[in-house]
Amino acid sequence: MISAEPYVALSLVLLCLGLVGVMVRRNFITVLMSLELMFNAVNLNLIAFSFRLGDLAGQILAIFVITIAAAEAAIGLGLIIALVRLKDTVSLDEADLMRS
Amino acid sequence: MSFYDLIWLVPVFPLIGAAFNGLVSNRLGLSKTVTHTVALLGAGAAWLWGWAAVVQWMLTEDTHRPYVVEVFSWIQGGELAIFGGRVVPLEVAASFQLDALSAVMVGFVTFVGFLIHLYSVGYMHSESDRAYARYFSYLNLFMFAMLTLVTGSNLPVLFVGWEGVGLCSYLLIGFYFEKEWCAAAGMKAFIVNRIGDFGFLLAIFFAFFYFGTLEFAGLHEAMAAHHGVPAAAATIIGVLLFVGAMGKSAQIPLYVWLPDAMAGPTPVSALIHAATMVTAGVYMVARCNFFYQLSPTAMLTVAVVGGVTAVFSATIGLVQNDIKKVLAYSTVSQLGYMFLAAGVGAYIAAIFHVVTHAFFKACLFLGSGSVIHACGGEQDMRKMGGLRKHMPTTFWTFVAATVAIAGIPPLAGFVSKDMILAKAFEAGLTDLNGHGTVYFLLWGLGLAGAALTAFYMFRLVYMTFFGSFRGGEHAEHHLHESPWTMTLPLQVLAVLSIVGGLAIGFPGQLFHLEGWSLIDRFMTPVVLSHGEHGHHAVSFALEWGLVVVSVAAAVAGILVARRFYLLDPSFAKPRALAERFPFAYKLLLNKYWVDELYDATIITPTVKGSRLLWEVDARVVDGAVNGTAHSTVGSSFLSGVFDLKVVDGAVNLVARIYDVASRAFRRLQVGYAQGYAMVMVFGAAVLLGVFYLIKL
Amino acid sequence: MDFLIANFEAVLFYTVAAAAVAGGIGVVTLKHPVHAALALLETFVMVAVLFVLRHAEFLAAVQVLVYAGGIMVLYLFAIMLVRFKGMRPDEVFLSGIAPLAILGGVLLGAFVAIGILLGTMATGEGGAAAMRAVGDELPGNTEAVGWLLYTTYLVPFEVVSVVLLVAMIGAIIFGRRDAALSKPDGEVKP
């Protein structure tokens, strides 16, 4: 089947899951992991449409997304290290220096 | 070009003199010699040219008609609709004329004027150079105005002269303006004159309205033609013109300025307030006789006012102690005689009396000036006496003039006054215009006035020149005769006072001789003489009877004066009389309190009214200003409060809103990223929701 | 069995999809970070399978290599590093916020779903052949992707490498052991 609907639906579900996870999880690392989940959902969507439309551009874009995700992951983990060094915690509750 | 073609030069010569003295001598402070030379040249040129013009005109032209010379076109007023629906152009030219009446006026005005200029040289020599120049400038200017007045060929030009003499009168009366009472006298003269001038102006307007022209010749024709103009028009115009004459010639009720005018230098009193300006009213009535001929009411008014004034002011003159005041009231009285004559239609008699009066009154005033000069400025007759020893020339000229004014034949005063009284009697006899009784009464008044005149004039002579000097030792040493510049005019005028009457208007009818009166022959064609021809209305015997009666009255007056003032140096008799009738004496001495009456009824209310208006204005205006100030303070206070409470309150409110809002919004800034994420999610959801809502 | 064979692709899809969702739920809900990481790993692999199903073979390989092999390892290192620092396993969910967050997520998801349903799909020639085509040739997916990457999309490719470089530098800076990065006395330091 060439239709993309199921894949898109799945992508949506995963996206929402990731979104909820970003909002809900206390541990910073897990938040980043939910973020990765969202990236995957996006990739899935791209690939689905790429197949559906017969255009390889979707795949190329997905490669780029993965690359960026990797970069982001690296930086995110750097942030974790920084946060740990600063607050000696990974809990986002205590990352409230910007609180007015 | 003949002299009379350039008749307008006669007023212009003194004008040039006035301009020079006023603008050059006065400013530069040139010497007195320069000043009086210029002035005498101005007046002298007017005299010589005037006489030359008259003589030449008499010899070449038809003296029955006026010779009119237009100099330039003055007023071009477009077209105006007048009475009867006619539309006429309003055009007034500056044109001058020469006819019998103007010739007579020019003749004596220029001559007497010149004499007085000469006299002034001596009289005013003690003034400063500047004041001297100012005096002569004004005097020349007066000559210009007066000559314009008598040679004008239409009412506006006459009015220019009329106003001009009024102005010069004011300037000269107030010559010593540093003294407040002199300045006040000048103002009084001008203001009272103005009232008369108002009447005159109204008369001019009416004349144009009814007749469409202002030229004398034109008006004469128009009056004769009538053009359906109501008879009342003549009355209105006549009465209004006479109002002007009342002011200018000091008749009741506008005479009050003349006694006060004695504040000016004596030559001024002589020229202006005796010989010339005050006679302008008489001239004007004579000139406009065609109005009066057609209006019995106007004529009667003139006669009554003239007659009453003659006696009224004579009574005041009986008890005055200031020598000039006596002469002033005498002038008013004599002017009354002139108007009495005009009022009975005897215009020639009126003008004749103008001429003779000029001679003897000028002589009297100049003589009094000489006396005052000698007494070192003293004018109270009670401080004079016995001056005939010290000032013989002044004495005989003065006496000559006094005899003339008293009406003793054959001097000038008698001839003209007798003519007037005869005409008045004749008017009563012929029941002129149906007012015969009134005219008889007026004749009676005239006769009484003659007696009074004789009395007070001789009283003056006796008090001043006879007896012993009462002014103190110190002053007595200074008594001296005046210089030739002053005595020469006196002598000339005295001679004229003696012979002038007979020369000009010999009463031939008393001797069954017709046509001997020069003035009569000269002026008859010009002046519509109503009743002039009626010499025969009065019989020969009656004429002589009238002469005898008037002379008797005069002699009676002289004798009483002699008894009172000459025979008894202590003046016991008049003093006793005054004590017996104190009220009457006070009444006369205080001039019937007329000035006080005017002051109370007119002047004070006017001044009070003005002050009231000023108060109102000040109160209202000041009130408004203060009110504005107060309201400004109040409003600015309110403004301040407003600013403080409202504006500041608003600003504070805004700040507080921000405070509250920021405190509320600060809660959002939890520094909690996941919170932000959630907000973003919800935001996106809401956006999509709205999007769908709109799309659907 | 016949049903299975006849609709193999669909069956495979739904199975794999369910596994992926389960992994996702695991990421969101599991308490222990390592457990969550493993769940995530599972999701990654499932997604790779799905990629294969869509004939994006190269991408599936990349997915496994990079995500599962690189990023996951990285996360596990980070967890261990942090744990090593003496971190205790925390409460999973933040107090109170969970229902709201779930609501938000559901809401957004619903709306997007509505959008998808309402929208019309673009048409095109899909299919496996398209995934292997470059020009008129059909060399294979990898070749196709590679070809495109180095020709049409060369510039983005270069840019992305710059991004990677920047990310590397950034990560190094963030991870620097520095006095400036030590615990502050009330001040924020980058």
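A: **The interface of chain B and chain C**

Here 10 residues of chain B are in contact with 14 residues of chain C, where contact means heavy atoms within 4.5 Å. The model is predicted: local features need pLDDT of at least 70, side-chain atom pairs count only at pLDDT 80 or more, and totals for chains, interfaces and linings use all residues. Residues are numbered from 1 along each chain as its sequence is written, chains are lettered from A and ligands numbered from 1 in the order in which they are written, and side-chain values use heavy atoms, with hydrogens and water left out.

The size of an interface is often given as the accessible area lost when the parts come together. Chain B and chain C bury about 980 Å² between them, and carbon and sulfur atoms give 87% of this. Buried area is the accessible area (1.4 Å probe) that two parts lose on being put together, summed over both. On the chain B side, Met678(B), Phe682(B) and Tyr692(B) lose the most area to chain C. Together they make up 48% of what that side buries.

The side of chain B that touches chain C has eight nonpolar residues, two polar ones and no charged ones. Nonpolar covers Ala, Val, Leu, Ile, Met, Phe, Trp, Tyr, Cys and Pro; charged covers Asp, Glu, Lys and Arg; the others, Gly among them, are polar.

Between chain B and chain C there are zero salt bridges. A salt bridge is a side-chain nitrogen of Lys or Arg within 4 Å of a carboxyl oxygen of Asp or Glu.

Now chain B itself. Chain B has 26 helices and two strands. These are DSSP runs: helices are H or I, at least four residues, and strands are E, at least two, numbered from the N terminus.
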